[in-house]
Amino acid sequence: MAAAFISPNDPVSDLLRVPFSRRSFGEKKAIILRGRPTPKLDRLSKAGKGFVRHFTEGNYDRYDWLTASTERNKQFCWPCLLFNTSEGTWNTIGFNSLNSFTKAAIKHQASERHLTAVVHLKTFGESRVDLQLDEQRRRETSLHNERVRKNRDILKSLVDCVIFLGQQELSFRGHDEGKESLNRGNYLELLSLLSEYDADLRHHLATATVFTGTSGKIQNDIINAVAEVLDDAIKKEINNTKFVAVMVDETTGFSNTAQLSFVLRYVTDTGVKERFLKFEDVTERKRAHDLAASVLEVLGSYDCKTKLVAQCNGIGT
């Protein structure tokens, strides 16, 4: 950012109008590099008994902090003008009493506010707070991103376990999932195996208290999430195909309930696809019109009624 305009004739007056603290780092650096102004104050004088006191330029040499404003015809403290934000004589009002100048100057340069301002002036730019804050934000962002990456990798391992067990048609839960059990079920045992080769997953399983990803509820949530993704992919395929055939068959569930299995068959750019959709419980709805309603309901949910070209009873027939 370009430095703000500072009048070469009276930079002190400009700083009083736009305080140093409200300027950008670039502006501040330019002001400090330019140095304190030491103008002549020809109009600053004080009549005494038989004599007249005038402003003495030699005071600039005696007091290396002294500066002045020709516009305001007053003397100021350069470090305090820059770094002392509290209202005072030497940084906001200005000093113009020549009779008590030496006493006032000595008192001021020994004050705590002045000494603090001098330290800030001498160390300006060596330790910028804004840069330190930026570095702190960068470190916090980096740590946050690393935590997010690890959490995503851990969740990916959980999802991979669910997909693998689903593809192999293996059960998830065990009869005894306690830590001392010799067989805690396929899901937990598979996670345990993966953790032997993944330090982050091993640490997560050993230390996590809020979300471990091993409970039955979480397993079901992941299964449902994977199913939704697959369902969306099937719907996209159906949307891009012209014709669809439905295959429906009756099967008996493990609880001796009557179920209809639904499979859609269609052609994509990569060949013929057969996608299993769902099992529908029809134990209490075995009449022809009830079964037909179930078929139409499934076809409607996949928006393919108008694309139906054939149907058959018995998967694979």
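A: The expected span of a helix is 1.5 Å times one less than its number of residues. The model is predicted, and the helix examined here is helix 11, residues 216–240. Helix 11 has 25 residues, so at 1.5 Å a residue it should span 36 Å. Its end C-alpha atoms lie 37 Å apart, which agrees with that expectation.

Burial within helix 11 can be listed by residue. A residue is called buried when its relative accessible area is under 20%. In helix 11 the buried residues are G216, I218, Q219, I222, V226, I234 and I238.

Next, the hairpin. Strand 6 (residues 258–268) pairs with strand 7 (residues 271–281) in the antiparallel sense, over 10 bridges. Two residues separate strand 6 from strand 7 in this hairpin. T268 has G271 of strand 7 as its bridge partner.

Last, two loop residues with positive phi. E169 sits in the loop between helix 8 (129–167) and helix 9 (186–195). Its phi is positive, about 55°, although E169 is not a glycine. E169 is exposed, with a relative accessible area of 73%. D303 belongs to the loop between helix 12 (288–301) and strand 8 (308–313). D303 is also a residue other than glycine, and its phi is positive, near 50°. The relative accessible area of D303 is 62%, and D303 is therefore exposed, the cut-off for that term being over 50%.

Notes: Residues are numbered from 1 along each chain as its sequence is written. This is a predicted model: local features need pLDDT of at least 70, side-chain atom pairs count only at pLDDT 80 or more; totals for chains, interfaces and linings use all residues. Side-chain values use heavy atoms; hydrogens and water are left out. Helices (H or I, at least four residues) and strands (E, at least two) are DSSP runs, numbered from the N terminus. Buried means under 20% relative accessible area, exposed over 50%, partly exposed in between (1.4 Å probe, protein chains only). Two strands pair if DSSP finds at least two bridges between them.
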